[in-house]
Every structure is written in C-alpha cells, then in structure tokens.
Amino acid sequence: MAKPKPCRSYEFTGDILEHDGEYKKFFRGLTEYLKNKLQRVEMKGSRHNYNQYTCGQLHDKRNLDWKPWQHLWEYCIDLEFDPYAAKDAIEERLGVKLECDCQIINNEVENRRKDLVNVFGADFGEPGRDYDFF
Ligand SMILES: [Zn+2]
C-alpha cells in the first residue's frame, strides 16, 4: 500500500485546471466517477427520456445525511488535487454556482441537451426544469 500523498495546493491545482486539455481530462474522469457513485433517475421528457443523477439527499444544510462534495473530494484526493480549487474551476467553466456534486453531472446533461437544441432547433427535454427533486 502506498502511503497517502500530500494534497496539491489550491494555486497549483488551479494552474493545472486553467489548461483546457487538463480540465477536460479531469472533468471527463470526474463525470464517469460520479455516474458510478450517484443514483440514476430516468426522467420523462416531452419527446425523449433522459437520465439525471442525484445524491439522493435533500439539499438542505439542516439535513445531516447530506454530504455535499464528498465524491468530488475523494476524486480530487486520488488525483492529488485541491478539492476547493477543483470546485471553483468547475463552477467557472459551467458558469453556475453549485451546492452539491450531483449538480455537476446534471449541468453537464443539461448543457448537452442545449447543444442538441442548438444543432437541431428542437427541444428534447422539458423546459424550465428544476434540478432539485425534493
Ligand atoms: Zn446532491
């Protein structure tokens, strides 16, 4: 067993994730990781069904079972990245503030849906959906 390595600093992680290639690699790995950790929920769209992901917890600070960012945290520790820097980089790229790592993947799904709308001029999902299930 290798002993745990020290976490890279906020600045160091931020510098790495500034690079498009590095960020894409990081983000692709993260979404795969989250898909394995989170619950998949099939949503019925007006024309197509699509999948969303949830940590299964109410996003409320009073909910003691809710552990926001636990998966991002573990993923970053594995990569020796600073989780705070990674979270900031993700929010910056997605252009939204997030409160839980399950929202990372749903934003990614949503962005792909918007891409389809842009390309085909048709909406494949429900407009104005909220990502909070509870
Ligand atoms: Zn969540």
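Student: Which residues in α1 meet Y84, A85, A86 and A89 in α4?
Tutor: Two residues are in contact here when their C-beta atoms, placed from the backbone, lie within 7 Å. In this predicted model, the α1 residues meeting those four of α4 are Y10, T13, G14 and L17.

Student: How many helices and strands does the chain have?
Tutor: Residues are numbered from 1 along each chain as its sequence is written. Because the model is predicted, local features need pLDDT of at least 70 and side-chain atom pairs need pLDDT 80 or more, while totals for chains, interfaces and linings use all residues. Helices (H or I, at least four residues) and strands (E, at least two) are DSSP runs numbered from the N terminus. The chain reads α-α-β-β-α-α-α, giving five helices and two strands.

Student: How far apart are the axes of α1 and α4?
Tutor: Axes are lines fitted to C-alpha atoms, for helices over the stretch in contact, and angles run from 0 to 180 degrees between N-to-C directions. Helix α1 (residues 10-17) packs on helix α4 (residues 83-94) at an angle of about 35°. The distance between these axes is 8 Å.

Student: What is the handedness of the crossing of α1 and α4?
Tutor: A crossing is left-handed if the near helix is turned anticlockwise from the far one by less than a right angle, and right-handed if clockwise. For α1 and α4, the crossing is right-handed.

Student: How do the residues of the contact of α2 with α3 divide by class?
Tutor: Ala, Val, Leu, Ile, Met, Phe, Trp, Tyr, Cys and Pro count as nonpolar, Asp, Glu, Lys and Arg as charged, and the others, Gly among them, as polar. From α2, L30, Y33, L34 and K37 meet H71, L72 and Y75 of α3. That contact divides into five nonpolar, one polar and one charged.

Student: Which residues of α4 make the contact with α3?
Tutor: The two axes come within 9 Å, crossing at roughly 115°. On the α3 side the contact uses L72, W73 and C76. On the α4 side it uses P83, A86 and K87.

Student: Buried or exposed: which is C55?
Tutor: C55 sits in the loop between β2 (49-54) and α3. A residue is buried if 20 or more other C-beta atoms lie within 10 Å of its own, exposed if 12 or fewer, and partly exposed in between, with C-beta atoms placed from the backbone. Because C55 has 21 other C-beta atoms within 10 Å, C55 is buried.
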